[in-house]
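Here is a short briefing on one protein model. Keep the sequence and the 3D view open while you read.

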Amino acid sequence: KALASYDLLNEANHVRHLQSVFSATGDRALVAELDQSIEQILEAAKATKRTFTSADDIQNIDTIVSAMLGYQTSFHRVVDARVQRDNNARQWLQAGAEADRLAGELESDLAGTPDAPVMHFDAQQAGLALAAIELAKQNRQLRFAVSIYRGSETDEALQAMTRQFEASREAYRLLEGKFVGEQAEKHRQFQTQVEEYIGLIAKMPALVEQERQARRDMDASFQKAYASVGQIVEGQIAKSKADAVASDILMFSVTALALVLAGLISWLIVRQITRPLKNALSIAEAIGAGDMTEVAIERRGDEFGALLGSLDKTRQNLRGLLLHVTDSTIQLASAAEELSAVTEQTSAGVSSPRQETDQVATPMNEMAAAVHEVEDQRGVEVIREQVNIHALFRRDRDGQRFHAARGLRLGQTYRAR
């Protein structure tokens, strides 16, 4: 939009260039070209206006259109003033040229020429010749003052030209009624031409002021359009900056939101990982501490849920195993107590046979000594048989009679021999 406004400004500068060239050359073909450029500006402004939504920008576009239309109107006023000035210039140039011819003829008739001067011996004729020379001089000075004003168009030149008007009038008034015949007619025609010349020149200031005012109006219109374009450009630049700031804020907000969401998602992911791990760790610690009571676990459908389920199943299996071991231990403890009681009773029963054994040991030792003294083999075997019989007789813990199974076998062996 700013570039489109710059295009309008460039076209307006082109229009201003055409106006400057016209002012310098007066080429009427430039008028049509300038009108065409202004039409292009108006069409471009209408097309640009459709792209704007801001009320200020639309108003500035309308101002540009209005200013360029005003510029076009003022330019045509300049053209009209220029045409009037040109027409007026042609007319007063013709009147001035005729006045110069008539003044020259009166001067030549009364004073002659530098190559052929006229000698007057009559004072009145000599005075008329001098008046004719002054008339021609004032007429030339008038032409000079007009050329200066036409070149500068300043107030000083206008005042000098006005004073020269009065001097020229005063010069031909001095000769009124003093000519006769052909000279009188020439004086009358000169007076007519000079008045026409002065009248046409007198219109110049108004035409110049009209053209100046039209130029001032053109300058005002152009500055108005230029200012409106500048406001559009500044507005678009400010809007671009505001959009850039808004984009930065939006980008920052989106980035911050993305970071927050990323942090939240990370926290949720970590939470989804750490919670089941903590739950599994608590189950493992409880199992390690020997606590097989039930621990609440999170029911999940993923791998962590399978892990927690396996740990909980392990805890349940260990709990059942421990209960079984505990029951077996209790049974073993009960059996151990019963075995201890039996052991105490057995120890009490063993004490009595030990005493009897000690009593039998003494005669056995005596018999052993006798064995070495008896050389008779039969006698030795008889004695051994007796010893064995005494040694094999034992009493059980219930006080029953001694049994002698082995002694009987030895006796049988002895009889066989």
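Asn60 sits in helix α3, which spans residues 55-111. The model is predicted. Asn60 counts as buried because its relative accessibility is 9%, under the 20% cut-off. Beyond residues up to four places away in sequence, Asn60 touches Ser228, Gln231 and Ile232.

**Overall make-up**

- The protein has nine helices and zero strands.
- Along the sequence, the pattern reads α-α-α-α-α-α-α-α-α.
- The protein has 417 residues, and 29% of them count as buried.
- Take the contacts between residues at least 6 apart in sequence: 70% of them join residues at least 24 apart.

**Helix α2 against helix α3**

- Helix α2 covers residues 29-49 and packs on α3 at an angle of about 170 degrees. The two axes are 9 Å apart.
- That angle makes α2 roughly antiparallel to α3, because angles over 145 degrees count as such.
- On the α2 side, the contact is made by Val31, Leu34, Asp35, Ile38, Ile41, Leu42, Ala45, Thr48 and Lys49.
- On the α3 side, the contributors include Ile58, Ile61, Asp62, Val65, Met68 and Leu69. Tyr71, Gln72, Phe75, His76 and Val79 of α3 also take part.
- The residues of this α2 and α3 contact divide into 14 nonpolar, three polar and three charged.

**Helix α5 against helix α6**

- Helix α5 (residues 155-173) and helix α6 (residues 182-288) have axes that come within 11 Å. They cross at roughly 165 degrees.
- This makes α5 roughly antiparallel to α6.
- The crossing of α5 past α6 is left-handed.
- From α5, the contact uses Asp155, Leu158, Met161, Phe165, Arg169 and Tyr172.
- From α6, the partners include His187, Phe190, Gln191, Val194, Glu195 and Ile198. Ile201, Ala202, Pro205 and Arg212 of α6 also belong to the contact.
- By type, the residues of the contact of α5 with α6 are 10 nonpolar, two polar and four charged.

**Nonpolar cores**

- The largest nonpolar core holds 34 residues. Trp92, Leu135, Val146, Met161, Phe190, Tyr197 and Ile201 touch the most other members.
- Helices α3, α4 (123-152), α5 and α6 each supply at least two residues of this core.
- Helix α4 gives the most to this core, with 10 residues.
- Another core, of 30 residues, lies apart from the largest one. Its members include Leu42, Tyr71, Phe75 and Phe222.

- Phe190 touches Ala99, Leu102, Ala103, Leu135, Asn139 and Tyr172, not counting residues up to four places away in sequence.
- Tyr197 is placed in helix α6.
- Is Tyr197 buried or exposed? Tyr197 is buried, because its relative accessible area is 1%.
- Leaving aside neighbours within four places in sequence, Tyr197 is in contact with Trp92, Ala95, Gly96, Leu142, Arg143 and Val146.
- Tyr197 and Ala99 are 98 residues apart along the chain. Their C-alpha atoms are separated by 8.1 Å.

Note on methods
Residues numbered from 1 in each chain as written. Predicted model: local features only at pLDDT ≥ 70, side-chain atom pairs only at ≥ 80, totals over all residues. Heavy atoms only, no water. Axes fitted to C-alpha atoms, helices over the stretch in contact; angles between N-to-C directions. Helix = DSSP H or I, 4+ residues; strand = E, 2+ residues; numbered from the N terminus. Parallel < 35°, antiparallel > 145°, perpendicular 65-115°, else oblique. Left-handed = near helix turned anticlockwise from the far one by under 90°. Contact = heavy atoms within 4.5 Å. Nonpolar A, V, L, I, M, F, W, Y, C, P; charged D, E, K, R; others polar. Buried < 20%, exposed > 50% of the residue type's maximum accessible area, 1.4 Å probe, protein only. Core = buried A, V, L, I, M, F, W, Y, C linked by side-chain atoms within 4.5 Å.
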